[in-house]
Amino acid sequence: MNFAMCDKLIFEIHFKECVLDFSKFYTLKIKGTTFTDCSIVAVDFMSADLTEVVFDNCDLYKSEFGKANASKANFKTSYNYTIDPTKTKIKKALFSLEGLKGLLYKHDIIVK
């Protein structure tokens, strides 16, 4: 689904137990949106406003966050994400200790 084609003035949505694989949220402002128990594989969040978005127990494998604003977003219970902190704003975002490898992947280091 290409959500980027939705009317941006009236767009507000929340997801629960959804399969959103290969969807596009490119450049959308989805501040405060919740994703609960969703499959979010290979989703395009590039340049999106993800401020205060909650990813609750979501699989974010291969999803792209380049140039997105994920400030204050909550990734604490989600998994399989890879986010480049040099290309994505993540100030005050929440991550679990287990999820740190998704922030450090680019540096080719091993965390055990």
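Buried means under 20% relative accessible area, exposed means over 50%, and partly exposed lies in between (1.4 Å probe, protein chains only). This is a predicted model, where local features need pLDDT of at least 70, side-chain atom pairs count only at pLDDT 80 or more, and totals for chains, interfaces and linings use all residues. Residues are numbered from 1 along each chain as its sequence is written, and side-chain values use heavy atoms, leaving out hydrogens and water.

View 1. You'll find 1 helix and 3 strands in the protein chain (DSSP runs numbered from the N terminus: H or I of at least four residues for helices, E of at least two for strands). Of its 112 residues, 41% count as buried.

**View 2. Asp84 and Lys106 meet in a salt bridge.** Their side chains sit 3.2 Å apart, N to O; the cut-off is a side-chain nitrogen of Lys or Arg within 4 Å of a carboxyl oxygen of Asp or Glu. The pair links distant parts of the chain, 22 residues apart: Asp84 lies in the loop between β3 (54-56) and α1 (101-104), Lys106 in the segment after α1. Asp84 is buried, at 9% relative accessible area, while Lys106 is partly exposed at 41%. The structure holds 1 salt bridge.

**View 3. Lys31, Lys72, Lys91 and Lys92 form a positive surface patch.** Patch residues have over 30% relative accessible area and no salt bridge, with like charges joined within 9 Å and nonpolar side chains (Val, Leu, Ile, Met, Phe, Trp, Tyr) within 5 Å. Look for Lys31 in the loop between β1 (15-16) and β2 (34-36); Lys31 is exposed, with 54% relative accessible area.

Notes: Areas by Shrake-Rupley, 256 points an atom, 1.4 Å probe, with all protein chains shown as cover. Lys, Arg positive; Asp, Glu negative; His and termini not counted. Charge placed at Lys NZ, Arg CZ, Asp CG, Glu CD.
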